[in-house]
Amino acid sequence: MKKLICFFSLVLAMAPAAEAVAVTGRVRVTGRPSQADAVTIVYAEPLDRVQAQPGTYTISQRDKTFSPHVLPVSAGSTVQFPNDDLIFHNVFSLSRPGPFDLGLYRAGSSKNRVFRAPAAYRSVCNIHPQMPAIVLVVPTQYFAQA
């Protein structure tokens with residue numbers, strides 16, 4: 001089953017903390033917007049060159065599925081890929097600007113990847129290609145999954 005994934009990027013003007021600010025923007029949805037299992041990620045585009053605060057996140061592999069199948073993270077963050085299945089997995093991505101291959105690893109083990117450049121990284125298991133996941137790396141720590 002294909003998933004519809006919508007990325008909304010907002011540019012916010014900085015205002016004093018006590019002042020209310022209206023947020024406006026433009027939304028463009030590609031694909032079939034009526035799909036019930038759509039995933040929406042919203043993030044604020046930085047107006048200056050403030051470094052995003054990286055974090056550590058997890059995408060588990062269980063029942064031949066990535067969970068979550070879409071994960072937003074700030075640039076520089078580490079994503080852990082624990083193998084919670086009883087079989088081997090090999091997580092890789094050909095996505096630019098940072099293709100990667102974590103290699104084959106067994107049940108109960110985990111591999112990590114640092115995502116430095118903002119982009120959408122489509123990842124799959126080399127052994128189980130029906131296991132897609134997307135790591136959305138954004139240039140800010142201000143993001144949410146709606």
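This is a predicted model: local features need pLDDT of at least 70, side-chain atom pairs count only at pLDDT 80 or more; totals for chains, interfaces and linings use all residues.

Trainee: OK, so is β11 largely enclosed or open?

Mentor: Enclosed: five of the seven residues of β11 are buried, so the rest of the structure largely encloses that strand.

Trainee: Which strands does β11 pair with?

Mentor: β8, residues 91-93, pairs with β11 in the antiparallel sense over three bridges, and Phe92 stands opposite Val124 there. β12 also pairs with β11 in the antiparallel sense, over five bridges. Ser123 has Ala133 in β12 as its bridge partner.

Trainee: Switching to the largest nonpolar core, which residues touch the most other members?

Mentor: Val79, Phe81, Phe115 and Val135, out of 19 residues in that core. β6 (70-74), β7 (77-82), β11 (119-125) and β12 (133-138) each supply at least two of the core's residues.

Trainee: And what does Val135 touch?

Mentor: Leaving out residues up to four places away in sequence, its contacts include Ile59, Leu71, Val73, Phe115 and Tyr121. There's also a second, separate core of six residues, with Val39, Val70, Leu136 and Val138 among them.

Trainee: New topic: where does Ala52 lie?

Mentor: In the loop between β2 (39-45) and β3 (56-58).

Trainee: Is Ala52 buried or exposed?

Mentor: Ala52 counts as buried, because its relative accessibility is 8%.

Trainee: What does Ala52 touch, then?

Mentor: Beyond residues up to four places away in sequence, Ala52 touches Ser74, Ala75, Pro139, Thr140 and Gln141. Ala52 and Ala75 are 23 residues apart along the chain, with 6.2 Å between their C-alpha atoms.

Key: Residues are numbered from 1 along each chain as its sequence is written. Side-chain values use heavy atoms; hydrogens and water are left out. A nonpolar core is a set of buried Ala, Val, Leu, Ile, Met, Phe, Trp, Tyr and Cys residues joined through side-chain atoms within 4.5 Å. Buried means under 20% relative accessible area, exposed over 50%, partly exposed in between (1.4 Å probe, protein chains only). Helices (H or I, at least four residues) and strands (E, at least two) are DSSP runs, numbered from the N terminus. Contact means heavy atoms within 4.5 Å. Two strands pair if DSSP finds at least two bridges between them.
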